[in-house]
Amino acid sequence: MLGLSKNNTAPYDYYSSGDSSDPVDVDVYLDGSGGTEDTATVAAYLVATDYRYSDIIVQAINESAGLDFKVSLDGSTWSDAVSPADLDALAADQSVAVYIKCVADNDGSVGVGIFSQAKIAIVSVGHPE
C-alpha cells in the first residue's frame, strides 16, 4: 500500500481515501479583507508498505477557484505536484515527509469562512518483487 498518513511509524494513521471521513485539514480563514492568505503547513507522511513503488507523483487537486493547495517535499519549495524518490518497502516500510498548504484569495471571491479540506492524489507504479 502507498498512502498518506499522519505518522511515520506503525500502526499508521492514514488519512481517508475518497470518502472524506478523515481528510487532510489545511485550515484557512477568509474574511474578504483583501490580498491572499497563506496557511500554516501541515506535515504528512507518504508511507509505502509491501511493495517497491516507482514513478511516484503526489498532487494537490485544486477544484475551487481562489483556493490553491500546494505540496512540498522540503517545506519551502511549493508546487502543484511533487515526485519523491522511489520507496522500496519489500524488506521494511518506507516513508517520506510531504508538506501541504493553501494559498487563498481573500478578496471575497471565494466567500467568507473557514475552508480546509485538501484533496491529494497519489499515483505510482507498484512492483511486488
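Which residue in β4 is the bridge partner of G3? In this predicted model, in which residues are numbered from 1 along each chain as its sequence is written, local features need pLDDT of at least 70, side-chain atom pairs count only at pLDDT 80 or more, and totals for chains, interfaces and linings use all residues. Side-chain values rest on heavy atoms, with hydrogens and water left out.

The partner of G3 is V47, and V47 also stands opposite S95 in β9. Strands here are DSSP runs of E with at least two residues, numbered from the N terminus, and two of them pair if DSSP finds at least two bridges between them. Strand β1 (residues 2–5) is joined to β4 by 4 bridges in an antiparallel arrangement, while 7 bridges join β4 to strand β9 (residues 94–105), again antiparallel. In strand β4 (residues 42–48), 5 of the 7 residues are buried, where buried means under 20% relative accessible area, exposed over 50%, and partly exposed in between (1.4 Å probe, protein chains only).

The whole structure holds 5 salt bridges, each defined as a side-chain nitrogen of Lys or Arg within 4 Å of a carboxyl oxygen of Asp or Glu. One of them links D38 to K101, with an N to O distance of 3.2 Å; D38 lies in strand β3 (residues 36–38) and K101 in strand β9, so the pair ties together parts that are 63 residues apart in sequence. D38 is partly exposed at 48% relative accessible area, whereas K101 is buried at 11%. Another salt bridge joins D22 and K6, whose closest N and O atoms are 2.5 Å apart.
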